[in-house]
Amino acid sequence: MSKPTGIRGRVWFKALTDQEKPMPGDPPSVLVADAPVGNENARLLCVVPDPNSRFPCASHGEVGLEQAYTLATRIREIIKADTTGSAGNEIKKRPFIAIVDVKSQAYGRREEIAGIHLAAAAAADAYATARFAGHPVITLIVGQAISGGFLTHGYQANRLLAFADDDVLIHAMHKEPAARITRRTVAQLESLAKTVTPLSYDVRDYAKLGLLYKLLPVSNPETPSADEISLVRNAIAEAIADARIGPTDLRNRFESEAAQTARKATRLIRARLEEEWNQ
Amino acid sequence: MREVIFSREYLQRRSFIELSARDRAESLFDSGTGRELAGPFDRIESPWLAMQGVTPQADDGCIVMRGTIAGQRAVVIAFNGAFQGGGIGEVSGAKLTTALDLACRDSENGQPTSAVLLLETGGVRLQEANLGLAAVAEIISSIIALRRYAPVISVIAGPVGCFGGMSLTAGVSSYIVMTPEGRLGLNGPEVIEEESGVEEFDASDRALTWSIYGGQQRYNQGLVDILVDDDIDQVIKTVQELITKGVPPRNRSEQVDVYRSHIAALDPSTKWNPADVSWSAASLARPIGRNQEVASNEEEHNQ
């Protein structure tokens with residue numbers, strides 16, 4: 001089974017920022033720091049476990065109410081600071097790097113009472129707003145990226161990077177509950193996933209869907225070598241440069257080479273709707 | 001109560017929920033202007049369901065219609081909660097995203113086109129797992145692009161409600177409209193019971209479920225803009241008014257400081273009475289979750 005979440009998030013946050021503390025006033029589960037990546041000054045964000053979380057259902061690396069609103073706050077303050085000045089001179093929009101190792105959203109009654117859907121929406125909104133404003137938004141998936149946790153933290157990026165590692169898990173739901181809800185055994189689900197690519201839990205299959213910018217060969221994600229850290233830094237810098245020259249929407253995800261095959265139905269719908277729109 | 005139940009107004013109501021998804025979409029348009037796009041005769045089905053022995057549907061449970069509402073250009077996207085629980089698959093997700101993108105393109109070119117989402121959905125369709133999740137991310141992005149130019153209105157009318165990733169879709173909308181029968185939340189009761197145990201959430205307790213997710217509660221909390229009865233005329237009138245009103249000065253999901261401070265004021269060490277967790281102007285004066293005794297008494301009363 002996959003390893004506990006959170007270890008990798010912390011490791012990579014430290015490796016890329018040389019910091020490990022939350023910003024003043026933020027919960028211990030949200031790490032945010034500004035650090036140089038390539039020749040740019042980026043803001044890096046990561047959600048990590050906090051065993052003493054005020055909200056118990058968000059203590060193992062889940063994205064809960066506090067995590068989502070903290071991310072949104074820390075993204076929006078940069079968007080605001082980088083808005084074109086009164087003189088009209090263009091400010092270079094700083095990149096955001098979301099380091100992702102989230103086991104899920106927080107599954108709690110209090111979370112629902114307090115409207116966690118809006119918290120999640122606010123974080124996704126902040127990331128997307130940053131992207132549309134011209135900030136490169138890069139996501140580095142170092143561990144798990146599951147369901148609402150990933151929608152909240154990371155899935156709005158211009159470019160997605162992930163480690164080619166067996167414990168990297170990008171999915172709509174963990175294997176056991178997904179099997180139960182679709183009335184299958186885990187073995188049946190695994191067997192189906194061999195032919196039905198979007199069901200697969202293997203990041204190498206995920207890469208075939210055309211959503212990823214790059215799969216990175218990192219063999220020790222919990223204890224990365226200096227070479228691996230430098231490889232990741234370069235990949236992020238390259239993704240930032242690529243995002244700066246590309247469109248600010250998410251079309252690259254269904255226009256990519258892999259998507260031509262894997263997302264034929266998406267492309268067919270897009271073509272048909274466009275054709276019929278003005279008839 | 002009897003006078004209320006048998007009032008003329010009540011008897012003349014026509015249910016919105018009981019309409020099919022296609023009829024719900026059509027009902028919103030100015031008479032005769034609604035035109036379905038990529039409809040069932042285009043036969044673009046999910047390529048993934050048949051591979052798993054699940055029968056696909058010719059419209060993938062998602063209806064896209066274009067026309068005018070209150071004289072303004074609009075597109076309506078309606079989900080059929082009876083097909084795969086309204087779950088978002090590759091095709092239904094792409095229909096919604098593309099409709100939003102085309103509305104955005106027209107809006108950018110000086111022809112504002114509003115979008116109305118009729119959400120009856122449990123979230124991502126698990127049979128299409130990663131492509132469903134990816135579609136939801138794309139939908140969120142496309143709503144945020146469009147809502148700068150024209151309102152995006154989410155209507156949550158039926159008891160299927162709006163859950164999972166699609167609750168974020170509602171969350172980033174310009175406006176949310178609900179009926180008391182509708183439900184809105186990220187994780188449904190069954191999911192919470194499954195993941196966190198029956199002590200956390202007893203999914204069989206229907207009163208508890210509606211006291212948290214129900215349209216009346218979401219409206220009282222200030223998380224929904226307008227509460228309507230399950231009545232076609234009321235839904236039409238509300239959608240027309242919102243389209244006429246246009247883009248709001250600030251979207252709810254942009255008001256991070258406001259909601260972040262609400263969350264900071266909550267005390268998670270106590271048991272909450274859902275009705276106390278409210279951020280409407282009237283209830284903000286009251287402390288939240290501080291009085292466990294009162295909260296649990298009221299809960300018993302609710303049951």
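Visitor: How many of the residues in strand 2 of chain A are buried?
Guide: In this predicted model, strand 2 of chain A covers residues 40–47, and seven of its eight residues are buried. The strand is therefore described as mostly covered, a residue being buried when its relative accessible area is under 20%.

Visitor: Which strands pair with strand 2 of chain A, and in what sense?
Guide: Strand 1 of chain A, residues 30–37, pairs with strand 2 of chain A in the antiparallel sense, over eight bridges. Within that pair, Val30(A) stands opposite Val47(A). Strand 2 of chain A is also joined to strand 3 of chain A, here by four bridges, and these two strands run parallel.

Visitor: What do strand 1 and strand 2 of chain A form, and how many residues lie between them?
Guide: The two strands form a hairpin with two residues between them. In the turn, Gly38(A) has a positive phi of about 60°.

Visitor: Where else is a positive phi found, in residues that are not glycine?
Guide: The general idea comes first: most residues other than glycine have a negative phi. In chain B, Arg43(B) has a positive phi of about 50° although it is not a glycine, and Asp60(B) has one of about 55°, again without being a glycine. Arg43(B) belongs to the loop between strand 1 (35–37) and strand 2 (62–69) of chain B. Asp60(B) is likewise placed in the loop between strand 1 and strand 2 of chain B.

Visitor: Are Arg43(B) and Asp60(B) buried or exposed?
Guide: Arg43(B) has a relative accessibility of 57% and so counts as exposed. Asp60(B), with a relative accessible area of 1%, is buried.

Visitor: Which way do the side chains of strand 5 of chain A point?
Guide: In a regular strand the side chains alternate between the two faces of the sheet. In strand 5 of chain A, Arg159(A), Leu161(A) and Phe163(A) point one way, while Leu160(A) and Ala162(A) point the other way. Both groups are buried; the strand, residues 159–163, has five of its five residues buried.

Visitor: Which strands pair with strand 5 of chain A?
Guide: Strand 4 of chain A, residues 137–146, pairs with strand 5 in the parallel sense over four bridges. In this pairing, Ile138(A) has Arg159(A) as its bridge partner. Strand 7 of chain A, residues 214–216, also pairs with strand 5 in the parallel sense, over three bridges. There, Phe163(A) stands opposite Leu216(A).

Visitor: What unit do strand 4, helix 5 and strand 5 of chain A make?
Guide: Together they make a right-handed β-α-β unit, with helix 5 spanning residues 147–152.

Visitor: Where is Asp82(A), and is Asp82(A) buried or exposed?
Guide: Asp82(A) is placed in the loop between helix 2 (65–81) and strand 3 (96–102) of chain A. With a relative accessibility of 3%, Asp82(A) counts as buried. Neighbours within four places in sequence aside, Asp82(A) is in contact with Ile91(A), Lys92(A), Lys93(A), Arg94(A) and His135(A).

Visitor: What may be read from the loop residue Ser269(B)?
Guide: Ser269(B) lies in the loop between helix 11 and helix 12 (292–302) of chain B. Ser269(B) is exposed, with a relative accessible area of 62%. The side chains of Ser269(B) and Asp267(B) are joined by a polar contact of 2.7 Å.

Visitor: Which residues does Glu254(B) touch?
Guide: Residues up to four places away in sequence are not counted; beyond these, Glu254(B) touches Arg76(A), Asp125(A) and Arg147(B). Glu254(B) is found in the loop between helix 10 (232–245) and helix 11 (256–264) of chain B. The Glu254(B) side chain also reaches the backbone nitrogen of Asn251(B), at 2.8 Å.

Visitor: How many helices and strands does chain B have, and how compact is chain B?
Guide: Chain B has 12 helices and seven strands. Its radius of gyration is 20 Å, close to the 19 Å that the globule rule gives for 303 residues, so chain B is as compact as a globular protein of that length. The C-alpha trace of chain B spans about 60 × 45 × 45 Å along its principal axes. Of the 303 residues in chain B, 59% are buried.

Methods:
Residues are numbered from 1 along each chain as its sequence is written. Chains are lettered from A and ligands numbered from 1 in the order in which they are written. This is a predicted model: local features need pLDDT of at least 70, side-chain atom pairs count only at pLDDT 80 or more; totals for chains, interfaces and linings use all residues. Side-chain values use heavy atoms; hydrogens and water are left out. A polar contact is a pair of N or O atoms within 3.5 Å; within protein, one must be able to donate a hydrogen and the other to accept it, and residues adjacent in sequence count only if both atoms are side-chain atoms. Contact means heavy atoms within 4.5 Å. Buried means under 20% relative accessible area, exposed over 50%, partly exposed in between (1.4 Å probe, protein chains only). Two strands pair if DSSP finds at least two bridges between them. A crossover is right-handed if, with the strands pointing away from the viewer, the path from the first strand over the helix to the second runs clockwise. The radius of gyration is taken over C-alpha atoms; the globule rule is 2.2 Å times the number of residues to the power 0.38.
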